[in-house]
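Please open the model in your viewer and keep the sequence panel beside it. The stops below each begin with something to select.

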Amino acid sequence: MPNIIVTDTEGQCKEVSIEIGENLMEVLNDNDYEEIEGVCGGIRSCATCHIYVKNSWLEKLSSKHEEEVELLSGLSKRQSNSRLSCQIEMTDALDMLELTIAPFED
């Protein structure tokens with residue numbers, strides 16, 4: 001089973017198992033990362049599942065949907081490597097993906 005490497009907002013790093021085809025937001029919720037709220041359920045309307053993906057992994061991800069770009073642009077804690085975890089589905093190519101959970105917006 002593939003894994004992802006998650007750093008939480010406190011700087012704690014943990015390896016989390018994830019099945020191919022699973023949604024990152026759901027896996028983070030299932031593993032009690034409370035910072036990942038996923039209020040909209042993954043339909044790109046809230047940005048409460050904001051993460052930072054390690055730059056070396058960005059080209060392996062699917063392109064950002066227009067709505068994701070728009071939501072991310074309105075976040076004060078946005079970075080160039082910001083993504084919505086609800087928009088990332090696990091693939092073989094993403095085994096050992098490294099991400100950091102973004103802090104809550106003010």
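Select Ser85 to begin: with a relative accessibility of 0%, Ser85 counts as buried, a term that stands for under 20% relative accessible area, whereas exposed stands for over 50% and partly exposed for what lies in between (1.4 Å probe, protein chains only). Ser85 sits in the loop that runs between strand E4 (82–84) and E5; helices (H or I, at least four residues) and strands (E, at least two) are DSSP runs, numbered from the N terminus. If you display what surrounds Ser85, leaving aside its neighbours within four places in sequence, you will find it in contact with Asn23, Leu24, Met25, Leu28, Ile36, Cys49 and Ile51, where contact means heavy atoms within 4.5 Å.

Before going on, note that this is a predicted model, in which local features need pLDDT of at least 70 and side-chain atom pairs count only at pLDDT 80 or more, while totals for chains, interfaces and linings use all residues. Residues are numbered from 1 along each chain as its sequence is written, and side-chain values use heavy atoms, with hydrogens and water left out.

Next, select Ile4, Val6, Ile36, Ile51, Leu97 and Leu99, the residues with the most contacts inside the largest nonpolar core, which has 26 residues. Such a core is a set of buried Ala, Val, Leu, Ile, Met, Phe, Trp, Tyr and Cys residues joined through side-chain atoms within 4.5 Å. Colouring by element shows that strand E1 (3–7), helix H1 (24–30), strand E3 (50–53) and strand E5 (97–101) each give two or more residues to this core, and that H1 gives the most, with four. In soluble globular proteins, nonpolar side chains tend to be buried together.

Now turn to the backbone, where two residues deserve a look at their phi angles. Most residues other than glycine have a negative phi. Arg44, in the loop between H1 and E3, has a positive phi near 60°, and at 23% relative accessibility Arg44 counts as partly exposed.

Met96 touches Asn3, Ile5, Glu15 and Trp57, residues up to four places away in sequence not being counted.

Finally, show the whole chain, which has two helices and five strands and follows the pattern β-β-α-β-α-β-β along the sequence. Its radius of gyration is 12 Å, close to the 13 Å that the globule rule gives for 106 residues, so the chain is as compact as a globular protein of that length; the radius is taken over C-alpha atoms, and the rule is 2.2 Å times the number of residues to the power 0.38. Along the principal axes, the C-alpha atoms fill a box of roughly 35 × 30 × 25 Å, and buried residues make up 42% of the 106 residues.
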